[in-house]
Amino acid sequence: MAPIVIEVGKQMNGATFRLSPKTEVLLSSRIPNWSPASSIFVSFDTQWDFDRLHDPMWTQIAMLLTGLSEEQIQNLGGFIFMSPFDKEVVFESRAA
Amino acid sequence: MSRKQNLYVGRAGQMAVMAELLWRGWNVALPEVDVGEDVFVVKDESGELWRVQVKTATAKPQQTGYSAQFKVSLKQLETLRTPDLVYIFAIRSLAGWETFIVMDRSTLHREHEIHRIGSVSQGNLVLRVSQDASFLRCSERDLLPYEGDWSRWPVLPH
């Protein structure tokens with residue numbers, strides 16, 4: 001099953017996260033009355049990089065954006081965090 | 001159209017958008033160096049900020065209505081930032097401003113990814129908008145919901 005794709009945009013003081021358009025369409029077709037957050041911004045007071053996001057934080061961001069539990073997300077195939085322009089994968093957790 | 005003429009038309013669109021926002025009671029600012037955004041819109045009391053990119057085209061008359069063509073950088077379209085970008089597509093004819101199409105970056109990105117709006121050429125998304133009495137569309141997608149949609153910036157009393 002195709003994993004949930006979360007687009008990321010890094011900027012100096014943090015990063016913006018948003019479900020990819022295709023994932024939005026997929027989830028809205030599967031989950032009645034699905035109403036996700038449109039985006040999440042994780043802010044840091046100092047210059048930072050993705051290395052400073054620890055594993056549980058990626059999962060929590062995926063849960064916040066989808067409104068799904070960790071188990072539901074894994075049942076859908078897991079998730080990928082990806083930069084939409086160059087398609088660089090910055091983190092992934094695929095279902096076994 | 002010459003490059004010089006493009007600069008004049010682009011600047012006219014930017015000014016027209018700024019005039020509309022000021023009339024609505026929203027403060028606007030121009031970046032000193034143009035590196036992506038054309039206009040910052042600021043709510044004075046709260047400091048809320050919008051980043052606006054204005055694209056301007058001259059309407060080409062058709063048998064009925066007109067068409068207009070815009071180019072949007074794919075890199076800009078696919079780059080997430082907070083606050084996110086809002087595109088305003090301004091169309092001008094000899095008679096005056098025909099319309100302003102106001103669309104979030106994420107909405108245009110979705111229209112491109114899911115509904116294949118526009119065509120890709122040399123790192124840009126090319127949007128050919130056509131208008132008639134009953135429609136405003138691009139690649140068969142209805143743009144009427146975005147026409148003159150200034151709802152992000154309702155008229156503020158001062």
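Helix α1 (residues 21-30) of chain A packs against helix α3 (residues 105-115) of chain B at an angle of about 75 degrees, and their axes lie 9 Å apart. The model is a predicted one.

Reader: Is α1(A) roughly parallel or roughly perpendicular to α3(B)?
Author: The two helices pack at an angle of about 75 degrees. Angles of 65 to 115 degrees count as roughly perpendicular. That makes the orientation of α1(A) relative to α3(B) roughly perpendicular.

Reader: Which residues of α3(B) do A:Pro21, A:Lys22 and A:Val25 meet?
Author: By class, the contact of α1(A) with α3(B) has three nonpolar, one polar and three charged residues. On the side of α1(A) stand A:Pro21, A:Lys22 and A:Val25, and the residues they meet in α3(B) are B:His109, B:Arg110, B:Glu113 and B:Ile114.

Reader: Which element gives the largest share of the side of chain B that touches chain A?
Author: The contact between the chains draws 12 residues from chain A and 11 residues from chain B. By class, the side of chain B that touches chain A has two nonpolar, four polar and five charged residues. Its largest share, five residues, comes from α3(B).

Reader: Which residues of α3(B) are buried?
Author: A residue counts as buried if 20 or more other C-beta atoms lie within 10 Å of its own. In α3(B), the residues that are buried are B:Arg105, B:Ser106, B:Leu108, B:His109, B:Glu111 and B:His112.

Reader: Which strands of the sheet does α3(B) touch?
Author: The open sheet of chain B has five strands in the order β1-β2-β3-β6-β7, with mixed pairing. Neighbouring strands of this sheet are turned by 30 degrees against each other on average, direction ignored. α3(B) packs on the sheet with its direction at about 85 degrees to that of β7(B), and the strands it touches are β6 and β7 of chain B.

Reader: Which strands of chain B stand at the edges of the sheet?
Author: The order β1-β2-β3-β6-β7 describes an open sheet of five strands in chain B. Each edge strand has a single partner strand, so one side of each is left without a neighbour in the sheet, and these strands are β1 (27-29) and β7 (96-104) of chain B.

Reader: How many bridges join β3(B) to strand β6 of chain B?
Author: Strand β3 (residues 49-58) of chain B is mostly covered, with seven of its 10 residues buried. Towards strand β6 (residues 85-93), B:Arg51 has B:Leu85 as its bridge partner. The two strands run parallel, and the number of bridges that join them is eight.

Reader: Which residue in the turn between β2(B) and β3(B) has a positive phi?
Author: Strand β2 (residues 39-42) of chain B runs antiparallel to β3(B), to which four bridges join it. Across this pair, B:Val41 stands opposite B:Trp50, while B:Val39 has B:Val52 as its bridge partner. The strands form a hairpin with six residues between them, and the turn residue with a positive phi, of about 80 degrees, is B:Gly47.

Reader: What is the radius of gyration of chain A?
Author: Chain A has three helices and five strands, which follow the pattern β-β-α-β-α-α-β-β along the sequence. The globule rule gives 12 Å for 96 residues, and the value for chain A is close to this, so chain A is as compact as a globular protein of that length, with a radius of gyration of 13 Å.

Methods. Residues are numbered from 1 along each chain as its sequence is written. Chains are lettered from A and ligands numbered from 1 in the order in which they are written. This is a predicted model: local features need pLDDT of at least 70, side-chain atom pairs count only at pLDDT 80 or more; totals for chains, interfaces and linings use all residues. The radius of gyration is taken over C-alpha atoms; the globule rule is 2.2 Å times the number of residues to the power 0.38. A residue is buried if 20 or more other C-beta atoms lie within 10 Å of its own, exposed if 12 or fewer, and partly exposed in between; C-beta atoms are placed from the backbone. Two strands pair if DSSP finds at least two bridges between them. Axes are lines fitted to C-alpha atoms, for helices over the stretch in contact, and angles run from 0 to 180 degrees between N-to-C directions. Angles under 35 degrees count as roughly parallel, over 145 as roughly antiparallel, 65 to 115 as roughly perpendicular and the rest as oblique. Two residues are in contact if their C-beta atoms, placed from the backbone, lie within 7 Å. Ala, Val, Leu, Ile, Met, Phe, Trp, Tyr, Cys and Pro count as nonpolar, Asp, Glu, Lys and Arg as charged, and the others, Gly among them, as polar.
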